[in-house]
2 protein chains.
Amino acid sequence: MPVPTIEWEGGVDGRIRLIDQTLLPVEFKQIYCEDVESVWQAIRQLNVRGAPAIGCAAALGTVLGIQHSTAESFQDDLKKTTDYLATSRPTAVNLFWALDRMKRAAEADARRSLDELKEILLGEAKAIIEEDRAMCRRIGAHGATLIHDGATALTHCNAGGLATADYGTALACFFAAKEQGKTISVYADETRPLLQGSRLTAWELMQDGIDVTIICDSMAAQVMKEGRIDLVVVGADRIAANGDAANKIGTYGLAVLARHHGIPFYVAAPSSTFDLSLADGSAIPIEERPGDEITCGFGRRTAPLGVNTYNPAFDVTPAELIAAIITERGIIRPVNAANVAVMMG
Amino acid sequence: MPVPTIEWEGGVDGRIRLIDQTLLPVEFKQIYCEDVESVWQAIRQLNVRGAPAIGCAAALGTVLGIQHSTAESFQDDLKKTTDYLATSRPTAVNLFWALDRMKRAAEADARRSLDELKEILLGEAKAIIEEDRAMCRRIGAHGATLIHDGATALTHCNAGGLATADYGTALACFFAAKEQGKTISVYADETRPLLQGSRLTAWELMQDGIDVTIICDSMAAQVMKEGRIDLVVVGADRIAANGDAANKIGTYGLAVLARHHGIPFYVAAPSSTFDLSLADGSAIPIEERPGDEITCGFGRRTAPLGVNTYNPAFDVTPAELIAAIITERGIIRPVNAANVAVMMG
């Protein structure tokens, strides 16, 4: 990334700087968030997106919520802020995971002075980002072992540097493979409705000099049938205890197609994306977004006025369709509850 | 349809009127073609599209190519015109079928006077359109028997009134089911890159008062998994002797997904879409269209400059994934070379 996707500027009184991902690749613009509302909006409107990056944004947003607190208002402000940020998006569990970490950090040191508490929370948020950076590198190292020299991968949506604090989860596998001297090619699903694949993934891979070809989501089956794809790697927004994985809408269909064509289907995600409180994927909440993402997706109306739409933002891929989950701790393979428990225990 | 998708205005000296399908549903505009070049462009640029409608356009375009011929130039003009129109698009066999019919009509009556020959060719073109109308109705009648009251169908691209001279092939099944008093609902894949589903299919179904919901192509698997879909019906651009069927890109993947979810997958197409000279679908030529259909959908760039794209306009669904082919002659089921031969022989 030319600059980090999201970071904190200044001390406790500082602010968040993030790349506006809704404008890329046509425009590279940065956004500064100085209050909790603007962070909520940035998450909701997808200026910042991608499960790990949403976690980072929520952690830094929590600091904005308490930076002007008094000793009397601190606990109340912390609760209000974390409750509010938790309503920004429902599916990516990293959001709730980061908010929980921030609350626990404050509870663990509840007897400290106000100034110390504020420093502790800023420190915790920065630690989450630092850990995310290290996580990307380790996922990349593990994932690259699954990619042979000359391989062609297919990916969906954007699980790259823009979705994390460093160089991604799914895309980290490609970046790391290239760092190891392997020549790889990538097909990127454009990923309707918001085109994170053609706008963000293609941009990131081109910046790193990796050969990338954009296709429409509906072309993935044909590209597989033509024998062009050796493996599929995608990210995840929430993974249940049995390995069922929620990710951008279209992922589940891609997994079915990969199985049909005998192509291994991999999910790359950090431990913060696992939600072990859910036995399987059926309880993962699926965000439904406004229909105009479909009907006015290119800034221009492309459907009849008043038409019905259905716009689920995510789907859940059953564990049995996933060849392996690549985490920063290692590779879970085969994907089942026992192996998830061993790796995440 | 408010007006026929394509028709001839006037006598031998007349012209073609057609609905410009690139502007719908935002703008309803008609185009008049008075020479062969403009017909070629209208087919190439998808002002008129859909296999049966392309056949109609080619037949009428042939009349434009000979309407000013002299007795000396007639045969040469006819050959030049049909050769030229045959280069407009490669996949839909109805184009070549219609051009062959026009040539054969002229050959069969080669001793007639010039004026008679021109009238014969205009008559043949009008007959192709009339037969297409009747075909739509018969396909609808056969297809409706496969749709139960209360059913929800999924379709891809547009195989409706805009793709034919009457009310379609795949969509004819829905229109006919409704005429029989059945209540049906339809999910329409938006069908990237050119959005024939959200622009054209949704518009047609809404005009007829059929409940229609637009989804992105990548959502079809999820909609199937949620149990919303009872059957899939699509059109075709060319069907080989064994029943392998070429249709809009994304159809093949949809067939794989339907099979995975135990949902019957039907193809609706007239006999003019069968190419019995091809043993199977592997020899069907697949048109590759410009990458800017993907990167600049609807006038706005949504991908990095210079990115690679792959844009096949069609794919081939193997016969074994097709539960039945609905033709104007009856239903081919199961789909195999023997049953295709019986129905088309």
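1. At what angle do H2(A) and helix H5 of chain A pack, and how far apart are their axes? This is a predicted model, and in it the angle is about 170° with the axes 9 Å apart. H5 of chain A covers residues 114-144. An angle over 145 degrees counts as roughly antiparallel, so H2(A) and H5(A) are roughly antiparallel to each other.

2. Next, the residues behind that packing. H2(A) brings A:Pro52, A:Cys56, A:Ala59, A:Leu60, A:Val63 and A:Ile66. They meet a set in H5(A) that includes A:Lys118, A:Leu121, A:Leu122, A:Ala125, A:Ile128 and A:Ile129. A:Asp132 and A:Met135 of H5(A) also take part. By class, the H2(A) and H5(A) contact has 12 nonpolar residues, no polar ones and 2 charged ones.

3. Helix H3 (residues 74-85) packs with helix H4 (residues 93-108) at about 170°, axes 10 Å apart. H3(A) and H4(A) are therefore roughly antiparallel as well. From H3(A), the contact uses A:Phe74, A:Leu78, A:Thr82 and A:Leu85. From H4(A), it uses A:Leu95, A:Leu99, A:Lys103 and A:Ala106. The classes are 6 nonpolar, 1 polar and 1 charged.

4. Now the nonpolar core. Which members of the largest one touch the most other members? They are A:Phe174, A:Val232, B:Phe174 and B:Val232, out of 140 residues. Leaving aside residues up to four places away in sequence, B:Val232 touches B:Leu154, B:Met224, B:Leu254, B:Ala258, B:Ile263, B:Pro264, B:Phe265 and B:Tyr266.

5. A:Thr155 deserves a look. A:Thr155 belongs to strand E4 (residues 152-155) of chain A. Its relative accessibility is 0%, so A:Thr155 counts as buried. Beyond residues up to four places away in sequence, its contacts include A:Phe174, a residue also listed for the core. Others among them are A:Ala170, A:Leu171, A:Val186, A:Tyr187, A:Ala188, A:Thr201, A:Val233 and A:Val234. A:Asp189 is touched too. A:Thr155 and A:Asp189 are 34 residues apart in sequence, yet 6.3 Å apart in space, C-alpha to C-alpha.

6. Are B:Tyr167 and B:Phe175 buried or exposed? Both are buried.

7. Backbone checks come next. Most residues other than glycine have a negative phi, and most peptide bonds are trans. A:Leu46 has a positive phi, near 70°. A:Leu46 sits in the loop between helix H1 (36-44) and helix H2 (51-66) of chain A. At 7% relative accessibility, A:Leu46 counts as buried, because the cut-off is under 20%.

8. The loop between E5 and H7 of chain A holds A:Thr191. Phi of A:Thr191 is positive, near 70°. A:Thr191 is at 0% relative accessibility and so counts as buried. A:Pro193 lies in the loop between strand E5 (185-189) and helix H7 (196-207) of chain A. The peptide bond joining A:Arg192 and A:Pro193 is cis, with omega about 5°.

9. Chain B has a cis bond to check as well. The peptide bond from B:Leu24 to B:Pro25 is cis, omega near 0°. Where is B:Pro25 placed? In the loop between strand E2 (15-19) and strand E3 (30-33) of chain B.

Terms used. Residues numbered from 1 in each chain as written. Chains lettered and ligands numbered in written order. Predicted model: local features only at pLDDT ≥ 70, side-chain atom pairs only at ≥ 80, totals over all residues. Heavy atoms only, no water. Axes fitted to C-alpha atoms, helices over the stretch in contact; angles between N-to-C directions. Helix = DSSP H or I, 4+ residues; strand = E, 2+ residues; numbered from the N terminus. Parallel < 35°, antiparallel > 145°, perpendicular 65-115°, else oblique. Contact = heavy atoms within 4.5 Å. Nonpolar A, V, L, I, M, F, W, Y, C, P; charged D, E, K, R; others polar. Core = buried A, V, L, I, M, F, W, Y, C linked by side-chain atoms within 4.5 Å. Buried < 20%, exposed > 50% of the residue type's maximum accessible area, 1.4 Å probe, protein only.
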